[in-house]
Amino acid sequence: MSDATSKRRFSPGTTIDDLKAYMGPFAARLGYKFNTDEDFVAMVLEGEIEVLDRDGDVYCPCRMRTGDPKEDLKIVCPCIPFYTDQFSAMSKCWCGLFIRTDVEDGSTLHGVIEAPDGPVDVRVAATGDLADGQGRVVAVGKRKLALFRVDGEFFCLENVCKHLWAPLGEGYLDGHFVMCPWHGWRYDVRTGTTDHPDADVRTFAVTVLGGEVFVRI
Ligand code: SF4
């Protein structure tokens, strides 16, 4: 028989190790890992077990439940798929239980903070990932962007040609112009402009710091 109880992934009696065994691989597939601060991880997971024993599921210990079951499903741990843009920008989940796999030290990424207010710079590549005259598609959460390197400078555009939505990051670079890989529409990587009417694409500010490339979202 299928009822709400039998569908739950965890039951009372679940241990921290049980949670780790399930959540670790799940998060890894999404580009996250447990915080490197093991004491902090144990503390958050203990909190989740208390919530599980009391409320029947591993609701996030650092988020408020709304009482709407559909909405509250979005804060069952790990809630990463629901907040990929925000978490990618913060390098962590709301609580800091999970951090992005490229973060070496998560000890300063504890705690509850809300979504960043205003633009944030998100690391998308190392400078050495692109040779001059190359482009590539990079991901910021669910969003795909096109990153280019010309004469040592980096440029970032929306990853869509406005003709038929081809990925511009896979296009061919000719100086500061990228040709769409499907039908050759030409965009200036500095401005996102093209000769075709109403077909310009959005640009994103790029900063290079310590060999890392950041895009302002
Ligand atoms: S914010 Fe972190 S700890 Fe809270 S539910 Fe989401 S993944 Fe789990």
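Q: Where is Asp 151 found?
A: Asp 151 lies in the loop between E5 and E6, where helices (H or I, at least four residues) and strands (E, at least two) are DSSP runs numbered from the N terminus. This is a predicted model, in which local features need pLDDT of at least 70 and side-chain atom pairs count only at pLDDT 80 or more, while totals for chains, interfaces and linings use all residues. Residues are numbered from 1 along each chain as its sequence is written, and side-chain values use heavy atoms, with hydrogens and water left out.

Q: And what is phi of Asp 151?
A: Phi is near 50 degrees, a positive value in a residue other than glycine. Asp 151 sits in the turn of a hairpin that E5 and E6 form, with 2 residues between the strands.

Q: How many bridges join E5 to E6?
A: There are 6 bridges between E5 and strand E6 (residues 153-158), and the two run antiparallel; for reference, two strands pair if DSSP finds at least two bridges between them. Within that pairing, Leu 147 stands opposite Cys 156 in E6.

Q: Which order do the 4 strands of that open sheet take?
A: The order is E4-E5-E6-E10, with antiparallel pairing. Strand E4 (134-140) and strand E10 (203-204) are at the edges with a single partner strand each, so one side of each has no neighbour in the sheet.

Q: What joins E4 to E5, and which residue stands opposite Gly 135?
A: E4 is joined to strand E5 (residues 143-150) by 7 bridges in an antiparallel arrangement, and Gly 135 faces Phe 148 in E5.

Q: Over how many bridges do E6 and E10 pair?
A: E6 and E10 pair over 2 bridges, in the antiparallel sense, and here Cys 156 stands opposite Phe 204 in E10.

Q: Switching to the open sheet of 3 strands, what is its order?
A: That sheet runs E3-E12-E11, again with antiparallel pairing. Its edge strands are strand E3 (121-126) and strand E11 (206-209), each of which pairs on one side only.

Q: Which residue does Asp 121 stand opposite?
A: Asp 121 is opposite Arg 216 in E12, and 5 bridges join E3 to strand E12 (residues 212-216) in the antiparallel direction.

Q: On to the helices: at what angle do H2 and H3 pack?
A: Helix H2 (residues 16-29) and helix H3 (residues 38-55) pack at about 105 degrees, with their axes 10 Å apart. Here axes are lines fitted to C-alpha atoms, for helices over the stretch in contact, and angles run from 0 to 180 degrees between N-to-C directions. H2 and H3 are therefore roughly perpendicular to each other, on a scale where angles under 35 degrees count as roughly parallel, over 145 as roughly antiparallel, 65 to 115 as roughly perpendicular and the rest as oblique.

Q: Which residues in H2 meet H3?
A: Ile 16, Leu 19, Lys 20 and Met 23 in H2 meet Val 41, Ala 42, Leu 45, Glu 46, Glu 48 and Ile 49 in H3, with contact meaning heavy atoms within 4.5 Å.

Q: Last topic: which peptide bond is cis?
A: The bond joining Cys 77 and Pro 78 is cis, with omega about 0 degrees, and Pro 78 is placed in the loop between helix H4 (69-72) and helix H5 (84-90).
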